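The following report describes a structure of which the sequence and coordinates are shown below.

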Amino acid sequence: MMESNQKLKIEDVLEQNGMYVGPTVGVSMLPMLKNRRDTVVIKPKTKRLKRLDVALYKRGDAYVLHRVLYPIDGGYIIRGDNCYADENVPEEAILGVLVEFFRKGKHVLCTDKKYIKYAERRLKTYKFRRFFVRLKGKIRGICRKIFRTFFPKKSTN
Amino acid sequence: MKLKKGFVIRVVGGESVVVPVGELSKTFHGMINLNETGAFLWKFYNEEHTVEEGVAALCGEYDVAPEQAEADVRKFVETLQANGFTE
């Protein structure tokens with residue numbers, strides 16, 4: 001009636017069940033997946049991943065779920081939808097691939113046309129988003145400098 | 001008896017899987033696979049109910065003998081309590 005696998009690692013669950021269903025943790029795949037709200041369904045990798053696939057891999061002891069930008073020899077260049085740095089991930093580090101997810105309780109298949117359009121758009125707007133993130137950082141830095149000019153820190157001596 | 005808040009049932013490939021969300025996902029790492037009657041009882045115990053009410057609900061929903069239903073519900077409830085899934 002009920003089976004729980006609380007003590008198993010994700011890779012063990014994938015091997016035993018052929019599927020892992022679990023919560024999302026972190027902000028790197030925003031706005032698609034929100035920290036501890038949404039649920040992902042991962043299946044073991046059976047073939048080479050392709051552009052736009054979302055790969056589950058291990059970085060040290062941490063599990064990471066990020067999008068494949070493009071395959072390279074022996075691995076992939078991968079980046080989170082809400083990240084601004086690429087990662088070179090070897091093929092052997094890949095544990096599985098996202099096949100479906102529940103966003104705000106709504107079921108989405110990774111083969112869904114609307115979802116694929118979203119993923120394409122996310123990659124296409126990357127440079128634009130990065131420009132604004134950097135601009136925001138620079139504006140924040142300038143504001144901080146101005147603030148310190150008018151309100152310098154008081155010396156404790 | 002009532003289930004803790006913070007679990008959600010997801011139907012994946014025809015199978016019912018329970019996963020934690022929110023704060024509970026910080027302490028519970030895993031997934032719970034349920035069969036059809038397990039999923040029915042899980043939803044039932046999202047509200048406060050006794051074992052007897054669970055037996056009556058199970059008999060009302062499925063063609064099952066009351067003795068068998070009681071044994072199943074008791075086992076289900078014991079598993080929930082043993083794993084700390086109840087309030």
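A:Lys45 is partly exposed, because 17 other C-beta atoms lie within 10 Å of its own; a residue counts as buried if 20 or more other C-beta atoms lie within 10 Å, as exposed if 12 or fewer do, and as partly exposed in between, with C-beta atoms placed from the backbone. This is a predicted model, in which local features need pLDDT of at least 70 and side-chain atom pairs count only at pLDDT 80 or more, whereas totals for chains, interfaces and linings use all residues. Residues are numbered from 1 along each chain as its sequence is written, and chains are lettered from A and ligands numbered from 1 in the order in which they are written.

A:Lys45 is found in the loop between S3 and strand S4 (54–59) of chain A, where strands (E, at least two residues) and helices (H or I, at least four) are DSSP runs numbered from the N terminus. Leaving aside neighbours within four places in sequence, A:Lys45 is in contact with A:Ile94, A:Gly96 and A:Val97, contact meaning that the C-beta atoms, placed from the backbone, lie within 7 Å. A:Tyr70 is 25 residues from A:Lys45 in sequence and 16 Å from it in space, C-alpha to C-alpha.

| Strand | Partner strand | Bridges | Facing residues |
|---|---|---|---|
| S2(A), residues 20–23 | S3(A), residues 39–44 | four | A:Tyr20 and A:Ile42 |
| S3(A), residues 39–44 | S8(A), residues 94–103 | six | A:Pro44 and A:Gly96 |
| S1(A), residues 2–4 | S3(B), residues 32–34 | three | A:Met2 and B:Leu34 |

The pairing of S1(A) with S3(B) belongs to an open sheet of four strands in the order S1(A)-S3(B)-S2(B)-S1(B), with antiparallel pairing. S1(A) and S1(B), the latter spanning residues 7–12, stand at the edges with a single partner strand each, so one side of each is left without a neighbour in the sheet. Neighbouring strands of this sheet are turned by 25 degrees against each other on average, direction ignored, the axes being lines fitted to C-alpha atoms.

Between the chains, 17 residues of chain A are in contact with 23 residues of chain B. On the chain A side of this contact, S1, S2 and S3 each supply at least two residues, and the residues there divide into nine nonpolar, five polar and three charged.

Beyond its neighbours within four places in sequence, A:Leu56 is in contact with residues including A:Ile42, A:Tyr63, A:Leu95 and A:Leu98.

In helix H3 (residues 51–61) of chain B, the buried residues are B:Gly54, B:Val55 and B:Leu58. They cover an arc of only 100 degrees around the axis, which puts them on the same side of H3(B); the arc is that of the directions from the helix axis to the C-beta atoms. These buried residues pack against helix H2 (36–44) and helix H4 (66–82) of chain B, whereas B:Glu52 and B:Gly60 are exposed on the other side of H3(B).

Note on methods: Two strands pair if DSSP finds at least two bridges between them. Axes are lines fitted to C-alpha atoms, for helices over the stretch in contact, and angles run from 0 to 180 degrees between N-to-C directions. Two residues are in contact if their C-beta atoms, placed from the backbone, lie within 7 Å. Ala, Val, Leu, Ile, Met, Phe, Trp, Tyr, Cys and Pro count as nonpolar, Asp, Glu, Lys and Arg as charged, and the others, Gly among them, as polar.
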